[in-house]
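Subject: Structure handover

Hello,

The structure we talked about is below, with the sequence. My notes on it follow.

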Amino acid sequence: PEPGFTRKEVRWAVCCTEDGRFLGVAELGDVTQKGNRGQSFYNCPDLSQPELIKGGQIRSHFLVESAEVVALLGKDPPDQKVAKKHEYFIRLLRQAASAMPVLARVADMLSSESSRQEIAAALQAQKARPTDKVTFRVGTEYPLESDPWHDWWRQFRGTLRSAEPTAQTSARAGRRRAKDKALRHMVCFITGEPVEPTPTHPKIEGLADVGGRPSGDVLVGFDKGAFRSYGLEQSANAAMSEQAAADY
């Protein structure tokens, strides 16, 4: 898998016309199966937890999110954090419209309070849960399965990784600057190439049935002082590029 992309199981599709008119909600996957988990999509945009909270800003995922975030399904009025994620989700759609214009129409639909309420009502009528994953079907196509937004997404993630620290984190960032500069020249444990090590590695999912955590399990991690050496933090103790970590 390429960093920034992953497989996700999506339970619901919000269907609309190419001009952004809401048509209804469709259940994905095997609808006859008890406990239907939805349809698997293999190139979903994905942010790690550190990327979601970088700089103290509340962010959401792109193109696939929970029903709670996409349509504010659940509490009324919504939790302030959820409302901010909803706004950020729409903002990402508008930004990505530079690469895939139809996403602007999806953003317009979600920005309309009447359409948003229709979507929430349709999800509720089908007994969708706030945590169920939702994406979009525009006409007969899923933007999630299209390629035009991929380069935009890669560039967007690059801006997150290189973003300047906010005022809240600038003091701490200043103390780390010299160390961070040194970390840009480490040797990758996997490839032997000089890299700037990714601070955390992706979690391995799908092990809950054999004792793993539902949120995923860490194979390479250094969460205690006894596991660290030479003042290095997190996964700098086993330096790997983001791509190498995704590969293993």
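K127 is found in the loop between α5 and β6; helices (H or I, at least four residues) and strands (E, at least two) are DSSP runs numbered from the N terminus. The phi angle of K127 is near 60°, which is a positive value in a residue other than glycine.

This is a predicted model, in which local features need pLDDT of at least 70, side-chain atom pairs count only at pLDDT 80 or more, and totals for chains, interfaces and linings use all residues. Residues are numbered from 1 along each chain as its sequence is written, and side-chain values use heavy atoms, with hydrogens and water left out.

Confidence: the protein chain has a mean pLDDT (the predictor's confidence in each residue, from 0 to 100) of 88, with 90% of its residues at 70 or more. Residues 164-169 have pLDDT below 50, and beyond near neighbours in sequence this stretch makes four contacts in the model (heavy atoms within 4.5 Å). Where pLDDT is low, the predicted coordinates should not be read in detail.

Sheet: four strands form an open sheet with mixed pairing, in the order β3-β2-β6-β5; two strands pair if DSSP finds at least two bridges between them. At the edges are β3 (22-27) and β5 (65-66), each pairing on one side only. β2 (residues 12-16) runs parallel to β6 (residues 133-138), with five bridges between them, and C16 stands opposite V138 in β6. Helix α5 (residues 113-125) packs on this sheet, where it touches β2 and β3, and its direction makes about 30° with that of β3. Helix α4 (residues 102-111) lies across β2, β3 and β6 and runs at about 120° to β6. Axes are lines fitted to C-alpha atoms, for helices over the stretch in contact, and angles run from 0 to 180 degrees between N-to-C directions.

Cis peptide: the bond from D76 to P77 is cis, with omega near 0°. P77 is in the loop between α2 (67-71) and α3 (80-96).

Cavity and pocket: on a 1 Å grid over the protein atoms alone, a cavity is a set of points where a 1.4 Å probe fits but cannot get out, a pocket is an open set with protein on both sides within 12 Å along at least five of seven lines, and lining residues have an atom within 4 Å of a point. There is one cavity of 30 Å³ or more, and the largest cavity holds about 40 Å³. Its lining is E68, L72, L73, G74, K75, P78, D79 and V82. The second largest pocket has a volume of about 200 Å³, and its lining includes D76, R116 and Q124. Volume here is the space filled by probe spheres set on the points, with grid points joined across faces, edges and corners.

Regards
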